[in-house]
Amino acid sequence: MGIGSGLGAQIGFAEESTYGTPVTVTRFLEFNNESIKTELSQVTSMGLGRGRFQRSGRQKTVIKGASGSIEFDLMTKGFGMVLKHCLGGYANTSIAGSERKALITPDANGLAGLSLTTQIGRPSVDGTVRPFTFEGCKVTSWELKNAVDDKVVLIVNLDAETVGTGTSLATATYASGAEIFAFSECAATLNGASIALREFSIKGENGLDTDRRRLGNTKGQPLAAAFATISGSLDFEFEDLARYGQMVAGTEVANLILTFTTPTVISGGGPALFKITIPLLVFSGESPNASGPEIIREPMTFIAIDDGTNPVITLEQRTTDTAA
């Protein structure tokens with residue numbers, strides 16, 4: 001008998017070859033919480049002539065999909081698959097020894113052909129872990145964030161074609177030696193100069209049409225049907241008028257780079273790290289306000305824009321993972 005609470009939960013992923021054709025999950029990640037809910041279509045009849053209340057046998061219920069979010073603490077190992085499905089492009093090359101460089105970038109096809117099977121093990125109070133297997137999972141949006149005294153957090157929002165409970169629970173195994181990325185390991189620069197941040201958030205919206213449902217209760221793969229966006233927020237102290245001036249002038253600002261470098265050195269290579277690069281952005285923040293005796297803050301929101309040469313955003317991992 002296992003633990004009859006969320007302490008006994010697990011989550012696993014695998015890449016599908018065909019959208020909505022489930023496969024056995026093999027990649028297991030520690031997670032903080034999940035909110036993926038089954039979505040139902042309930043068809044009812046309320047014909048006149050048989051009284052004031054709905055009668056038995058006059059309703060049918062079908063599963064029309066599922067959606068929700070999963071929150072993780074980003075780690076040095078195992079996250080290539082999920083990050084790949086956030087943006088679409090993934091390349092992994094050898095650097096030195098066991099060190100690998102993985103680059104995750106937006107793909108040209110709007111994530112077409114990419115889908116996951118996601119299995120969540122949810123323990124009932126008797127200690128039995130009940131498997132919920134979500135097939136045809138697409139990442140519709142995501143967020144990376146970090147703040148002082150915290151670790152890097154990744155939140156992914158998923159849309160699933162359907163869900164079942166008949167697939168056996170997969171046995172979870174986890175990468176050994178995985179580490180979190182802490183706020184103290186961050187170096188932040190903007191246009192080549194160091195910046196002092198208290199926190200940041202970067203969000204991606206993939207612009208997918210998730211409502212391609214058809215008669216027969218089938219669903220087409222969600223496809224890009226709206227402009228994708230990379231946006232975010234940076235929390236500064238009010239230092240001078242430079243950022244305010246850039247905001248009101250609509251100045252395009254180059255090279256936001258956030259690098260998290262761990263003390264752990266990969267065998268034969270360098271340290272494990274995670275790096276976010278946005279080559280060009282435009283601020284759309286707020287004016288700094290004196291709302292009390294505290295140090296005035298300057299929260300700046302931004303939109304990443306295409307410079308015509310580089311990916312709008314690049315996520316880089318230095319890891320021992322050899323593939324997504």
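Predicted model: local features only at pLDDT ≥ 70, side-chain atom pairs only at ≥ 80, totals over all residues.
The charged contacts come first. Across the whole structure, a search finds 11 salt bridges. In one of them, the side chains of Glu34 and Arg122 meet at 2.9 Å, N to O. Glu34 belongs to strand β3 (residues 33-34) and Arg122 to strand β8 (residues 116-123), so this contact ties together parts that are 88 residues apart in sequence. With a relative accessible area of 22%, Glu34 is partly exposed.

Another salt bridge brings together the side chains of Lys151 and Asp73, with an N to O distance of 3.9 Å. Here Lys151 sits in the loop between β9 (129-147) and β10 (153-160), whereas Asp73 is in strand β5 (residues 59-73), so the pair ties together parts that are 78 residues apart in sequence. The two partners fall into separate accessibility classes: Lys151 has a relative accessible area of 26% and is therefore partly exposed, while Asp73 has 15% and is buried, because the buried class covers values under 20%.

A further salt bridge is formed by the side chains of Arg318 and Glu99 at 2.8 Å, N to O. This pair links distant parts of the chain, with Arg318 in strand β23 (residues 314-319) and Glu99 in strand β7 (residues 99-106), 219 residues apart. The relative accessibility of Glu99 is 5%, so this residue counts as buried. Salt bridges with shared partners also join Asp73, Asp150 and Lys151 into one network.

The next topic is open space. Rolling a probe the size of a water molecule over the atoms shows where empty space is left. The largest pocket holds about 310 Å³ of space. Its lining comprises 17 residues, and those closest to the centre of the pocket are Pro106, Glu205, Asn206, Ala228 and Thr229. Two or more lining residues come from each of the strands β14 (199-205), β19 (229-237) and β22 (297-304). Sorted by class, the lining has 11 nonpolar, four polar and two charged residues.

The last topic is the surface. Phe238, Leu241, Tyr244 and Val248 form a nonpolar patch there, and together they have about 370 Å² of accessible area. Within this group, Tyr244 is placed in helix α2 (residues 242-249).

Technical notes: Residues numbered from 1 in each chain as written. Heavy atoms only, no water. Patch = residues over 30% accessible without salt bridge, like charges linked within 9 Å, V, L, I, M, F, W, Y side chains within 5 Å. Areas by Shrake-Rupley, 256 points an atom, 1.4 Å probe, with all protein chains shown as cover. Salt bridge = Lys/Arg side-chain N within 4 Å of Asp/Glu carboxyl O. Helix = DSSP H or I, 4+ residues; strand = E, 2+ residues; numbered from the N terminus. 1 Å grid on protein atoms, 1.4 Å probe; cavity = no way out; pocket = protein on both sides within 12 Å on 5 of 7 lines; lining within 4 Å. Points joined across faces, edges and corners; volume = space filled by probe spheres on them. Nonpolar A, V, L, I, M, F, W, Y, C, P; charged D, E, K, R; others polar. Buried < 20%, exposed > 50% of the residue type's maximum accessible area, 1.4 Å probe, protein only.
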